[in-house]
Amino acid sequence: MSSILTVTACTSVNATTDTAPTTSKMQHHKDGMKNAMNKGGMRGPMAQLDLTAEQQAQIKAIMKEKYSGHKSDRTKYQAERAQTQKQIQALTSASTLNNAAVNRLADQQAAKTKQRFIERIQTQHAISQVLTAEQRQKMAQLKSERQAKGHHGTKNRKMHGKHHQQGL
């Protein structure tokens, strides 16, 4: 019971303290994306590669192909997530744990993660083929610098890791 109250309290504190900064950061991010796309340019590390107009067009086509069906699939994915949450709730609420069902659910989640990983690597490869050798080298350097600075969710991963270790 105390762990439930702790989780609830932490959630309430995070909800009230995190709302304002996240909103302004998200708005800033959205504004930056709009500006980059309105100018016809790239954003992030791609903006620093001195891409030709042809390269930009090819990369935009790759990204458009990757994300073209995402909006139409949104309700499907939401329904799948809701179903998964129901399954998890049923498993955790049961008087005895159904290990076979847990393993099936874990396998389903692993398959989805594997598919997303494969698609991400395929997209990165396709984009890499558009770049010159020098641009690929600079992209690798920019990614390395970005990782060294701790971007791409490492702060969130650390936060979730702490909560996970505490059993929250």
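## Gln135 and its surroundings

In this predicted model, Gln135 is in contact with Leu49, Asp50, Leu51 and Gln55, once its neighbours within four places in sequence are left aside. Gln135 belongs to helix α5, and because its relative accessibility is 8%, under the 20% limit, the residue counts as buried.

Two polar contacts involve the side chain of Gln135. One runs to the backbone oxygen of Leu49, at 3.1 Å, and in the other a polar atom of the side chain lies 2.9 Å from the backbone nitrogen of Thr132.

Asp50, one of the residues in contact with Gln135, is found in the loop between α1 (2-38) and α2. With a relative accessible area of 66%, Asp50 is exposed, whereas Gln135 counts as buried at 8%.

The backbone of Asp50 also deserves a remark. Most residues other than glycine have a negative phi. The phi of Asp50, however, is near 50 degrees, a positive value in a residue that is not glycine.

## Overall organisation

The secondary structure of the protein consists of six helices and zero strands, so that the pattern read along the sequence is α-α-α-α-α-α. Of its 168 residues, 12% count as buried, and the accessible surface comes to about 13600 Å², with carbon and sulfur atoms accounting for 55% of that area.

When contacts between residues at least 6 apart in sequence are considered, 56% of them join residues that are at least 24 apart.

## The largest nonpolar core

The largest nonpolar core contains 11 residues, namely Met42, Met46, Leu49, Leu51, Ile59, Ile62, Ile127, Val130, Leu131, Met139 and Leu142. At least two residues of this core come from each of α2 (53-67), α4 (99-130) and α5 (133-149).

Leu49 and Leu51, both members of this core, are also among the residues that Gln135 contacts. Ile127, another core member, is in contact with Met46, Ile59, Ile62 and Met63, again leaving aside its neighbours within four places in sequence.

## Helix α4

Helix α4 has 32 residues and reaches 47 Å from its first C-alpha to its last, which is close to the 46 Å expected at 1.5 Å a residue. At its N-terminal end the helix is capped by Asn98, with a side-chain oxygen of Asn98 lying 3.2 Å from the backbone nitrogen of Ala100.

The buried residues of α4 are Ala101, Leu105, Thr123, Ile127 and Val130, and they pack against α2 and α3 (70-93).

The structure holds one salt bridge, formed by Lys112 and Glu80, whose closest N and O atoms are 3.7 Å apart. Because Lys112 lies in helix α4 and Glu80 in helix α3, the pair ties together parts that are 32 residues apart in sequence.

Both partners fall in the intermediate class of accessibility, between the 20% and 50% limits. Lys112 counts as partly exposed at 30% relative accessibility, and Glu80 counts as partly exposed at 29%.

Key: Residues numbered from 1 in each chain as written. Predicted model: local features only at pLDDT ≥ 70, side-chain atom pairs only at ≥ 80, totals over all residues. Heavy atoms only, no water. Helix = DSSP H or I, 4+ residues; strand = E, 2+ residues; numbered from the N terminus. Buried < 20%, exposed > 50% of the residue type's maximum accessible area, 1.4 Å probe, protein only. Contact = heavy atoms within 4.5 Å. Areas by Shrake-Rupley, 256 points an atom, 1.4 Å probe, with all protein chains shown as cover. Core = buried A, V, L, I, M, F, W, Y, C linked by side-chain atoms within 4.5 Å. Polar contact = N/O pair within 3.5 Å; in protein donor to acceptor, adjacent residues only side chain to side chain. Expected span 1.5 Å × (residues − 1). Salt bridge = Lys/Arg side-chain N within 4 Å of Asp/Glu carboxyl O.
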